[in-house]
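Trainee: I am new to this structure. Please give me a close look at one part, and then show me what else is there.

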Amino acid sequence: MTLLQSLKNLVRSRSIHVAYVDVGSCNGCDIEVLACLAPRYDIEQYGIFVHNNPREADVLLVIGAYTPGWEEKLEGLWEKIPDPKAAIAIGNCPISGCLFARPHTLVDPPVAKHIPIAAQVPGCPPRPTEILSAILSVAPTVFRDYEVRK
Amino acid sequence: MPLSLVYYAKEFFRREWAQKFFAAKTAPLETPPYFRNFPELTGKTCTHHLFCMMACPAPGAIDVIRTPEGWKPRIHLGHCIRCGLCVEACPNGVLSSGRVLESMFYDNTRLSFSFRIDVDRTKCMGCGNCAVACPVNKLIDAQMSHGGRASTDDLLLKVSEGKCQVLHVEKCTGCKTCEHHCPNEAIRVARLLEAVHAPEEDL
């Protein structure tokens with residue numbers, strides 16, 4: 001890797017674009033993600049910009065227990081994100097289904113069955129600081145050796 | 001004019017100013033001490049009552065495993081919802097989480113389990129599977145025959161006059177073994193979880 005490439009990757013890893021998708025959660029984790037945007041946690045001071053455009057995103061936050069309505073849609077959304085990319089499972093639902101993973105329910109957790117998950121944040125819901133530190137710990141690995149890999 | 005420029009330069013070329021300008025961050029947010037995090041072990045001895053598992057609302061969040069040091073509850077991340085019910089339900093204070101134990105002590109509250117056994121006398125055919133399978137019965141009368149008949153009345157369950165009889169319901173530990181061994185679904189164990197405010201004289 002040349003110096004220029006590593007410099008570019010360093011700069012890229014300091015401006016992460018995040019998209020979040022709710023695949024059937026109770027809305028608790030969505031509110032915690034929104035709390036990250038608020039001044040108290042202020043996710044943008046770390047160079048993380050949250051919007052909902054998968055075409056521009058580097059990191060996808062997956063929230064929820066994967067309801068049947070998301071079959072084939074989540075995979076399509078994951079394909080839309082340009083490389084390099086990483087997905088983070090926020091909360092218990094995408095990890096295990098938590099309270100919704102009971103017999104005779106329609107949810108299909110874990111989300112790792114459907115798209116590759118890079119990091120998991122357990123909690124119901126997780127604290128905004130935990131979400132923040134998960135994104136920050138994934139950020140350097142997303143862009144590391146990016147152009148070499150390509 | 002030149003003097004003001006000097007002042008400006010003095011202000012903006014300070015190292016603290018440059019550091020603040022290029023690395024503006026809020027102070028790292030700390031988790032407050034009252035936050036009810038995932039339950040942790042306090043080191044007290046677990047007596048394997050399994051009340052934590054009975055009180056837990058999330059499937060697969062807690063189990064009690066046998067280690068060389070004794071029984072030990074184990075929390076599964078990704079399943080645990082940090083509700084703190086296992087901490088409250090534990091009779092020995094094996095788990096702790098946030099200020100749950102402290103507030104239980106100051107408010108003098110606790111969660112108490114009681115069990116009720118209902119036998120449907122129209123469905124029961126007196127096979128005695130429940131009485132034989134019951135681990136409490138096994139401790140009291142290890143010689144119990146296969147029909148569930150026994151001579152003592154200290155037992156929890158016993159078959160007499162062709163039907164299952166509940167003799168000492170206060171001995172029940174809520175394990176539901178009888179329920180799993182009943183071929184007719186005639187016996188049902190109800191686990192009653194009550195939040196108890198202990199009366200003043202108990203202090």
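Which residue in β3(B) stands opposite B:I62?

Mentor: The residue is B:I75, which stands opposite B:I62. Keep in mind that this is a predicted model. The pair belongs to two strands of chain B: β2, residues 62-67, and β3, residues 70-75. They pair in the antiparallel sense, over six bridges. Two residues lie between β2(B) and β3(B), and the strands form a hairpin.

Chain B has a further hairpin to look at. Strands β6(B) and β7(B) form it, with two residues between them. β6 covers residues 157-160 and β7 covers residues 163-166. Their pairing is antiparallel and has four bridges. Here B:K158 stands opposite B:Q165. Look at the turn: B:E161 has a positive phi of about 55 degrees.

Now cross to chain A. The contact takes 17 residues from chain B and 19 residues from chain A. About 1500 Å² is buried between the chains, and carbon and sulfur atoms give 54% of that area. On the chain A side, A:Q45, A:P122 and A:R127 supply 32% of the area that this chain buries against chain B.

β1(A), residues 16-22, runs parallel to β3(A), residues 59-63, and five bridges join them. A:V21 stands opposite A:V62 in β3(A).

α1(A), residues 3-13, packs against α5(A), residues 128-143, at an angle of about 150 degrees. Their axes are 9 Å apart. Angles over 145 degrees count as roughly antiparallel. The two helices, α1(A) and α5(A), are therefore roughly antiparallel to each other. Their crossing is right-handed. From α1(A), the residues A:N9, A:R12 and A:S13 meet A:A139, A:P140 and A:F143 of α5(A). By type, the residues of this contact divide into three nonpolar, two polar and one charged.

Finish with the loops of chain A. Most peptide bonds are trans. Two bonds here are cis. One runs from A:D83 to A:P84, with omega near -5 degrees. A:P84 is found in the loop between α3 (73-80) and β4. The other runs from A:P109 to A:P110, with omega near 0 degrees. A:P110 lies in the loop between α4 (92-96) and β5. A:H104 lies in the loop between α4 and β5 of chain A too. A:H104 is not a glycine, yet it has a positive phi of about 70 degrees.

Technical notes:
Residues are numbered from 1 along each chain as its sequence is written. Chains are lettered from A and ligands numbered from 1 in the order in which they are written. This is a predicted model: local features need pLDDT of at least 70, side-chain atom pairs count only at pLDDT 80 or more; totals for chains, interfaces and linings use all residues. Side-chain values use heavy atoms; hydrogens and water are left out. Two strands pair if DSSP finds at least two bridges between them. Axes are lines fitted to C-alpha atoms, for helices over the stretch in contact, and angles run from 0 to 180 degrees between N-to-C directions. Angles under 35 degrees count as roughly parallel, over 145 as roughly antiparallel, 65 to 115 as roughly perpendicular and the rest as oblique. A crossing is left-handed if the near helix is turned anticlockwise from the far one by less than a right angle, and right-handed if clockwise. Contact means heavy atoms within 4.5 Å. Ala, Val, Leu, Ile, Met, Phe, Trp, Tyr, Cys and Pro count as nonpolar, Asp, Glu, Lys and Arg as charged, and the others, Gly among them, as polar. Buried area is the accessible area (1.4 Å probe) that two parts lose on being put together, summed over both.
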